[in-house]
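Notebook open, structure loaded. I want to look up the core, a helix pair and the ligand site.

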Amino acid sequence: DQFGIQESLKRLGIQSENLGVSTGSKWIDSEASLIASFSPVDGKEIAKVKLASKETFEQVMDQAQKAFLHWRTVPAPQRGEVVREIGNALRDAKEDLGKLVSFEMGKSYQEGLGEVQEMIDICDFAVGLSRQLYGLTMHSERPGHRMYEQWHAIGAVGIISAFNFPVAVWAWNAALAWVCGDVCIWKPSEKAPLSGIACQKIAAKVFQKHGLPEGISSLVIGDYKIGELMSNESRIPLISATGSTRMGKLVSEAVGRRLGRSLLELGGNNAIIITENADMDMAIRGALFGAVGTAGQRCTSTRRLIIHENVYEEVKTRLASAYSKLVIGNPLDEKNHVGPVIDLDAVKMYEEAIRKVGEEGGKPVVEGGVLSGESYESGCYVKPAIYEAENSFKIVQHETFAPILYLMKYSTIEEAIAMQNGVPQGLSSAIMTTNMREAEAFLSVTGSDCGIANVNIGTSGAEIGGAFGGEKETGGGRESGSDAWKAYMRRQTNTINYSSTLPLAQGIKFDI
Ligand code: NAD
């Protein structure tokens with residue numbers, strides 16, 4: 001244990017067998033089955049977790065509803081104070097939690113720390129927000145009347161999260177939902193349950209210290225069946241779901257049937273346009289991290305490079321040379337650049353995509369392959385690959401959650417933008433250029449159709465202050481910064497008559 005994993009697990013309160021259902025400080029036991037969390041780093045079991053069942057979910061739901069009745073009456077700035085302390089508790093646990101994320105999910109230790117930093121940042125953001133949940137005032141058309149709008153808490157927020165950001169996605173949702181006066185029920189990905197348990201323990205201590213009721217922060221570990229229960233549960237007015245487009249469509253249908261609200265953060269198929277006016281060092285650096293960071297398992301990972309024909313060969317050669325220097329291995333070892341993908345299913349999907357791109361006529365620039373032998377025993381380490389491809393290939397239109405990058409050529413900026421937009425997903429996009437006309441065209445209404453459009457920055461890695469999310473099959477949801485908090489509240493329009501007559505709107509006459 002050269003990286004001190006066992007010590008970190010101990011400090012985070014992870015045992016060899018853990019309960020996976022909690023209303024805060026209380027953990028609920030049941031007859032439900034145990035699952036094991038395996039690390040893709042070495043393929044070994046880290047610990048076991050007892051899953052949620054219909055019955056234990058019901059207990060969590062009941063307690064969440066009770067807790068909401070209290071929490072919604074706590075003044076928002078006081079709720080912010082609780083979130084501030086959760087942010088501080090995360091600061092204290094940053095190294096341990098970052099290490100667990102890295103070990104359980106496979107991203108590099110630096111990215112694990114970065115993910116915890118995102119949680120801290122969103123807590124800070126939410127603290128400020130707790131004094132800024134502003135409504136508007138309007139001028140009434142009727143004399144002696146005042147009109148305004150205000151925002152109220154909506155109730156229990158169901159959070160369904162993906163494996164690739166096993167802790168940050170929860171914090172993005174929970175920190176905002178809590179200052180808004182909502183309570184949270186979180187179903188982490190069954191592929192990274194221990195990270196969920198560690199977070200729940202950190203938050204629960206703070207709620208308990210303030211003498212707050214159980215049920216403001218709840219955890220239900222389970223697979224898609226628990227996600228389905230949540231989606232169909234009319235006592236959960238808002239489901240915030242992060243994951244594949246396939247999952248998002250199912251959740252959206254179930255929530256839609258009961259006319260609930262859903263906030264969807266789904267798959268991306270992100271491209272960087274590299275123009276002939278790009279600063280080439282920056283373009284290569286941006287493309288490299290975007291494509292191989294987190295082993296290509298970010299929703300914002302760079303999957304396509306749309307390259308001007310005059311610089312195409314240069315980009316291709318320089319990228320191939322950069323890829324040849326990548327060191328693949330244990331993500332906790334800081335000399336390695338690329339860690340494993342999450343599991344053997346992900347390896348299969350990677351191999352399948354490489355087979356398909358070949359079948360459709362793609363040509364390898366950097367060949368892929370699964371690594372074996374010493375330090376690759378888990379079978380989850382794959383070589384980042386580059387293929388020359390056409391945007392119209394079926395496999396290029398599809399999000400493969402692995403480090404495979406497709407190169408394509410363009411001649412006019414209009415053509416480049418059409419290719420960038422010519423996929424079903426609409427999450428993140430970027431242009432590398434020092435030409436103001438190209439940059440502005442890309443950002444204009446006729447430019448990128450994505451929720452995120454960057455200039456001289458890659459597609460991956462967003463800051464907390466901006467609203468995060470995307471269009472089309474990415475689901476349309478926005479989380480994190482700007483006014484994303486409004487999704488977690490209900491808006492109420494209030495008109496007050498302080499005159500002694502009762503005029504009707506639109507001047508309608510109704511006299512007896
Ligand atoms: P996934 O869709 O397999 O699972 C995500 C979550 O949904 C898990 O908790 C899973 O248990 C749950 N789930 C699955 N089926 C469900 C159902 N029918 N009803 C309710 N819940 C269900 O995704 P994954 O493999 O964990 O994550 C990778 C995907 O997530 C990629 O597509 C990636 O782009 C996307 N993602 C998007 C964002 C974003 O902000 N847009 C962020 C991270 C990941």
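I take a nonpolar core as a set of buried Ala, Val, Leu, Ile, Met, Phe, Trp, Tyr and Cys residues joined through C-beta atoms within 7 Å. Buried means that 20 or more other C-beta atoms, placed from the backbone, lie within 10 Å of the residue's own.

This is a predicted model, where local features need pLDDT of at least 70 and side-chain atom pairs 80 or more, while totals for chains, interfaces and linings use all residues. Residues are numbered from 1 along each chain as its sequence is written.

**Core.** I looked up the largest nonpolar core and found 149 residues; Cys123, Ala126, Ala171, Ala175, Ile185, Leu305 and Tyr488 have the most contacts inside it. Helix α5 (residues 168-179) gives this core its largest share, 11 residues. Helices here are DSSP runs (H or I, at least four residues), numbered from the N terminus. I then checked Ala175: leaving out residues up to four places away in sequence, it touches Val83, Ile122, Cys123 and Ala126 (C-beta atoms within 7 Å).

**Helix pair.** The axes of α3 (residues 76-105) and α4 (residues 109-129) come within 8 Å and cross at roughly 175 degrees. I therefore noted α3 as roughly antiparallel to α4 (angles over 145 degrees). Axes are lines fitted to C-alpha atoms over the stretch in contact, with angles from 0 to 180 degrees between N-to-C directions.

**Ligand.** Which residues are closest to the ligand? Of the 29 surrounding it, they are Ala162, Gly227, Gly243, Glu265 and Cys299 (C-beta within 6 Å of the molecule). I see that α7 supplies the largest share of this shell, four residues.

Technical notes. Helices (H or I, at least four residues) and strands (E, at least two) are DSSP runs, numbered from the N terminus. A residue is buried if 20 or more other C-beta atoms lie within 10 Å of its own, exposed if 12 or fewer, and partly exposed in between; C-beta atoms are placed from the backbone. Two residues are in contact if their C-beta atoms, placed from the backbone, lie within 7 Å. Angles under 35 degrees count as roughly parallel, over 145 as roughly antiparallel, 65 to 115 as roughly perpendicular and the rest as oblique.
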